[in-house]
Amino acid sequence: MADSQRVKSFVCIALFSICLLQCNPIAFAILDPVDFLALQSIRKSLNDMPGSNYFASWDFTSDPCNFAGVYCDSDKVIALNLGDPRAGAPGLTGRIDPAVGKLSALAELTVVPGRIFGALPQSISQLKSLRFLAVSRNFISGQIPASLGELRNLRTLDLSYNLFAGAIPTAIGTLPELSNVILCHNRLSGSVPPFASQTLTRLDLKHNDLSGSLAPNSLPPSLQYLSLSWNRLTGPVDGLLNRLGQLNYLDLSMNQFTGTIPGRVFTYPITNLQLQRNMFSGRVQPDGQVSISTIDLSYNRLSGEISPLFSTVQSLYLNNNRFTGQVPGSFVDRLLAANIQVLYLQHNFLTGIQINPTAEIPVSSSLCLQYNCMVPPLQTPCPLKAGKQKTRPTSQCNEWRG
């Protein structure tokens, strides 16, 4: 905008403000002209999708602080929630205008799911008061701006379910107040940067193309939710996991992690532990009786005997590993008492289970024993992926024992 046009706009806004004050001097505070112009630019770059009436209230001849999704404190916009927040409501289409960076007092910026495309404006880094940034489930592409690392008050960063590519900026990991980082379901690559915030409780990076290893001190012990599944991450994580004693959800599945699983992890207040489809190896020995309801360690290289401390798990997936020996009797007792819902032990090197061939497995329970170094004492339905062979070839069993 040329200088003369900008001046005219400010004059128009000033005259409009005077008129409003004369008509109703105590109705509302007049919005800062810079914020007024910024909202106008944001409106011009976005539109309602069919079925959405979000912008119906955005009439610039009235007070913008009464617009849907606009919240003010005195003459400044402090929160901007773009789109109808009701579940299932159509979102917006268009681009996020760089003028959003002019809303200098903005503390919260959210965009509902829709069809917003283009890059995330670099100008967002000018919002030094921003604490909450959530722009998920759209079609935003390009790289995550490294300048977001200048938002030192940011607590929540949610850019999930978009088309972001490139690396996660290292600067984001330095933000001191972060509590939630949700970047899942994008096309991010490179390594996971270290996170310094000692208040970080949620880190969700699943369904990307991240690679490299995680240093033992790369994530803070404050973490309660950690999901890194569906990436290409490698290396051991035992040193890291031993420090994350507050975890209540852990999903590292579908990676290439190696090394052992520390026994301490099984004593954490976790409800769902997903470590399947990695390259974990060695024995698995919990530090105490396990109270986690669901544990999936399938498709790894775990070996040794199965610990009876796992018998209190409701859904246990140990299939497609290298476990040997007898199945502990405590599993049988709890299975027949319907305290175990799923017990998948197929595709290991197990040699026996003490169960009566006439025993009836409760309808609510699933047991699969096939393709081990024993003839299953009773026939139970197994998942299709288990195949049709009931017993592992003797040659494989002898080779493994040797």
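Q: How many cavities of 30 Å³ or more are there, and what makes a space a cavity?
A: The count comes to two cavities of 30 Å³ or more. A cavity is a set of points, on a 1 Å grid over the protein atoms alone, where a 1.4 Å probe fits but cannot get out. Grid points are joined across faces, edges and corners, and the volume is the space filled by probe spheres set on the points. This is a predicted model, in which local features need pLDDT of at least 70, side-chain atom pairs count only at pLDDT 80 or more, and totals for chains, interfaces and linings use all residues. Residues are numbered from 1 along each chain as its sequence is written, and side-chain values use heavy atoms, with hydrogens and water left out.

Q: How much space lies in the second largest cavity, and which residues line it?
A: The second largest cavity holds about 50 Å³ of space. Its lining is Leu369, Gln370, Pro376, Leu378, Gln379, Thr380, Cys382 and Lys390. A lining residue has an atom within 4 Å of a point.

Q: Why is His347 called buried?
A: Buried means under 20% relative accessible area, exposed over 50%, and partly exposed in between, with a 1.4 Å probe and protein chains only. His347 has 19% relative accessibility, so it counts as buried. His347 sits in the loop between S25 and S26. Strands are DSSP runs of E with at least two residues, helices are runs of H or I with at least four, and both are numbered from the N terminus.

Q: What does His347 touch?
A: Contact means heavy atoms within 4.5 Å. Not counting residues up to four places away in sequence, His347 touches Asn319, Asn320, Asn321, Gln370, Tyr371, Asn372, Ala386 and Arg392. Of these partners, Gln370 also lines the second largest cavity. Asn320 lies in the loop between S23 and S24. Its phi is positive, about 60°, although Asn320 is not a glycine.

Q: Why is Ser74 called exposed?
A: Ser74 has 53% relative accessibility, so it counts as exposed. Ser74 lies in the loop between strand S2 (70–73) and strand S3 (76–82). Ser74 is not a glycine, yet has a positive phi of about 60°.

Q: How do you know that the buried residues of H5 are on the same side?
A: The buried residues of helix H5 (residues 329–336) are Phe331, Val332 and Leu335. They cover an arc of only 100° around the axis, so they lie on the same side of H5. That arc is taken from the directions from the helix axis to the C-beta atoms. An α-helix has 3.6 residues a turn, so residues three or four places apart point the same way.

Q: Why is the pair of Phe60 and Phe67 called edge-to-face?
A: Rings of Phe, Tyr and Trp (its six-membered ring) pair if their centres lie within 6.5 Å; planes under 30 degrees apart count as stacked, over 60 as edge-to-face and the rest as tilted. The count comes to eleven aromatic pairs. In the pair of Phe60 and Phe67, the centres are 5.1 Å apart and the planes are at 85°, so this pair is edge-to-face. Phe60 and Phe67 are both buried. Ring pairs link Phe36, Tyr54, Phe55, Trp58, Phe60 and Phe67 into a cluster.

Q: What makes Arg137 a charge over the ring of Tyr161?
A: A charge sits over a ring if NZ of Lys or CZ of Arg is within 6 Å of the ring centre and within 35 degrees of the ring normal. Arg137 lies over the face of Tyr161, at 3.8 Å from the ring centre. Arg277 lies over the face of Tyr299, also at 3.8 Å from the ring centre.

Q: Why is Gly173 called buried, and what does it contact?
A: Gly173 has 2% relative accessibility, so it counts as buried. Gly173 lies in helix H3 (residues 170–173). Beyond its neighbours within four places in sequence, Gly173 is in contact with Pro194, Phe195, Ala196 and Ser197.

Technical notes. 1 Å grid on protein atoms, 1.4 Å probe; cavity = no way out; pocket = protein on both sides within 12 Å on 5 of 7 lines; lining within 4 Å.
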